[in-house]
Amino acid sequence: MKDAFGAPQSLLVLGGSSDIGRAVARWLVARRTRRVHLAGRASDRLREAAAELTGLGAEVTVVPFDAARPETHEEALGKVFAEGDVDCVLMAFGVLGDQERDEADPAAASRVAQVNFTGAVSAGLVCGNALRAQGHGSLVVLSSVAGERARRSNFIYGSSKAGLDAFAQGLGDALHGYGVHVMVVRPGFVRTRMTAGMKEAPLATTAEAVAEAVVAGLRRRSETVWVPGALRLVMSGMRHLPRPLFRRIPL
Amino acid sequence: MPVRSLAGWGRTAPTTARVLRPRTREEAVRALAQAGPRGAVARGLGRAYGDAAQNAGGAVLDMTGLDRIRSIDAQRGLVVCDAGVSLHRLMHVLLPLGWFVPVTPGTRFVTVGGAVGADIHGKNHHVSGAFTRHVESMELLLPDGGVRTVSPGDALFEATAGGMGLTGVVLGATLRLLPVETTRMRVDTERAANLDDLMARLAATDHRYRYSVAWIDLLARGAALGRSVITRGDHARLSDLRPKDRRDPLAFRTPSLPAAPRGIPGGLLRPSTVGVFNELWFRRAPRERRGELQSIPAFFHPLDGLPEWNRIYGRPGFVQYQFVVGPERADVLRAIVRRISERKYPAFLAVLKRFGPGGSGWLSFPREGWTLALDIPAGLPGLDRFLDALDETVADAGGRVYLAKDSRLRPELLGAMYPRLADFRRLRSEVDPDGVLVSDLARRLDL
């Protein structure tokens, strides 16, 4: 169960090897979380993440999960919920793609959408329904500022996050009143493995800062969390910028 | 079936459940049988601060429909009533007959079933013990659907006293009452300048009073650390009343203001606003006043006059922290008061009292010593770690926190605080092998 401060005792991370997923899990294990399910494709990084959390005192299980194969989600995730309550689900999987290359290779581009959006739709529904049945729980969805308004430089990724973001908001409304709290997290540029070597955007942040914001959002039962918080204002300005102007912003 | 969102009085961790409202014992038996795979727990008036009376995804039996007072023995002072009868109702019915409930907490809006489940205490604990000491017997609906009458000394009785509703659903109880001549209280009020002064006064003279409690200003620091207002008293005798009140000495009225509005934002209670309130409260109290006559609501239940007062904490809600440490651990109490005051959390007037010897309930909270209770807004940063650290100190000192108020204890500490936890778990696995009775509290603390 979650305690009065929203700290969960059991956690399911979809995208268990992601830097942000690991950072959030570390923060939560330092509080009340004792049972962690790390879901992802088998890899050294996933095993490493499991070992790290075990070392911090958590009881960790690794769950095979492939975001790109929605037809497997019900079974793979259903097993986790059958084992016991999950107080918090963190959807942290996602791919960035390579905008330039993907524009030339539509099939590769659609893979970004498949993982970030289509995969999240099925995994989000499976988890949302399970949380609804247990009458409590949080579903934390890692969206991105990129989804707030698609930019020329990464609109493939951005549009997939926009879809995810809209889906998560709708899911939150659908589950409102059923004890399930859906929280959309919109980080800006996060320095992680995924963004290594890229040119940093202003207000760049870290996986640790995202984790801290997630923990605070769980405590406040927030519906939307921006990381850093200043992005809420910045993006509200961006959203209303006329397109001819927006187009010229070198981001 | 429709589900409802339920939270405790602190409004911190709401979950949803199907709410069933049995009106008779037969309906209660049926409701429990229909609990479903996620089990059921009984709920009264929802005054437990944390998650004791909620059951995510399962069933919650709203017991307030079982509200019959079955019989009153006005000669011997015994009442037999359903579990859903509130102390408020009992007072209205019993006071005109010259009887008072044996133990009342700071609110009248608790049911008899809830009073048993939490083994509640009042300002008279040092004299009268906790609630279940005054229960002659109770009827318990067991997880297998059977109904048993249990009495003090039975394992099932002792596990149920303070057992947070996890050993059976209390259907009704027989209570021993306290005779009173009037519905007024004779109250002595005095101020204590600081914590040492307070503890010395309580230790020296508490035994002279049936009821005793102190309100501490936890925002006071330095030499004023622990400054407080002590109010103590007993039921007024007929001869204490003014002649015009003697005509109707057992009149009982419970005035109430309109409820606090919904939608109050969090963060209203800051150190500044609470500080001003605490200052006024302290100044308002007389330095010393003897024999003041007060009504029962004014003396016991000042907050009941403001319905839904828990809303003033806004959406984030609040936590109440109550612990007890032995009489020889005054040092721990002092250290904790200092830590809270140094931390400058906006803690509303906190309550300090001395408990008498503990009862026999396995998970019953009160034990002899000092107990402190305080409310803190749940949204404050760092509060989780701060209270975790207090838990460690309390557990190290052989003390414990109160489960009816808990919403955040680290489960690992529970065994140290409640030495009979293992017995409790064993009995539960015997009477409820399928886990029919379960609550969010039970899941969170692995009871």
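How many residues does the contact take from chain B, and how many from chain A? The legends below take that up first and then zoom in on single pairs; keep in mind that this is a predicted model.

**View 1. Where chain B meets chain A.** The answer is 32 residues from chain B and 22 residues from chain A. An interface is often sized up by the accessible area lost when the parts come together. Here, the area buried between chain B and chain A is about 2,100 Å², with carbon and sulfur atoms giving 47% of it. On the chain B side, look for B:Arg315, B:Asp384 and B:Arg385: they lose the most area to chain A, and together they make up 23% of what that side buries.

View 2. A:Asp85 and B:Arg38 make a salt bridge with their side chains, 2.8 Å from N to O. Which elements give two or more residues to the side of chain B that touches chain A? They are strand 2 (15-20), helix 10 (383-396) and helix 13 (440-445) of chain B. Helix 10 of chain B gives the largest share, 5 residues. Sort that side of chain B by class and you get 13 nonpolar, 7 polar and 12 charged residues.

**View 3. A helix and a strand tied together in chain B.** Across all chains, the whole structure holds 58 salt bridges. In this close-up, the side chains of B:Arg25 and B:Glu139 pair up in a salt bridge, at 2.0 Å from N to O. B:Arg25 sits in helix 1 (residues 25-33) of chain B and B:Glu139 in strand 8 (residues 135-141) of chain B, so the pair ties together parts that are 114 residues apart in sequence. Are these two partners buried or partly exposed? B:Arg25 is buried, at a relative accessible area of 15%, while B:Glu139 is partly exposed at 25% relative accessibility.

**View 4. A strand and a loop joined by B:Asp82 and B:Arg68.** These two residues form a salt bridge, and their closest N and O atoms are 3.5 Å apart. B:Asp82 belongs to strand 6 (residues 78-82) of chain B, whereas B:Arg68 is in the loop between strand 4 (59-62) and strand 5 (69-73) of chain B, 14 residues apart. B:Asp82 is buried, with a relative accessible area of 0%. B:Arg68 has a relative accessible area of 35%, so it counts as partly exposed.

View 5. B:Asp217 and B:Arg227 meet through their side chains in a salt bridge of 2.8 Å, N to O. Both lie in the loop between strand 13 (211-216) and strand 14 (228-235) of chain B, so the pair ties together parts that are 10 residues apart in sequence. Both B:Asp217 and B:Arg227 are buried. Elsewhere, salt bridges with shared partners join B:Asp188, B:Glu190, B:Asp197, B:Arg201, B:Asp206, B:Arg232, B:Glu288, B:Arg290 and B:Arg354 into one network.

**View 6. A loop residue in chain A.** A:Asn154 is found in the loop between strand 5 (137-142) and helix 6 (155-175) of chain A. A:Asn154 counts as buried because its relative accessibility is 16%, and buried means under 20%. Leaving out residues up to four places away in sequence, A:Asn154 touches A:Gln99 and A:Ala146.

Technical notes. Residues are numbered from 1 along each chain as its sequence is written. Chains are lettered from A and ligands numbered from 1 in the order in which they are written. This is a predicted model: local features need pLDDT of at least 70, side-chain atom pairs count only at pLDDT 80 or more; totals for chains, interfaces and linings use all residues. Side-chain values use heavy atoms; hydrogens and water are left out. A salt bridge is a side-chain nitrogen of Lys or Arg within 4 Å of a carboxyl oxygen of Asp or Glu. Helices (H or I, at least four residues) and strands (E, at least two) are DSSP runs, numbered from the N terminus. Buried means under 20% relative accessible area, exposed over 50%, partly exposed in between (1.4 Å probe, protein chains only). Contact means heavy atoms within 4.5 Å. Buried area is the accessible area (1.4 Å probe) that two parts lose on being put together, summed over both. Ala, Val, Leu, Ile, Met, Phe, Trp, Tyr, Cys and Pro count as nonpolar, Asp, Glu, Lys and Arg as charged, and the others, Gly among them, as polar.
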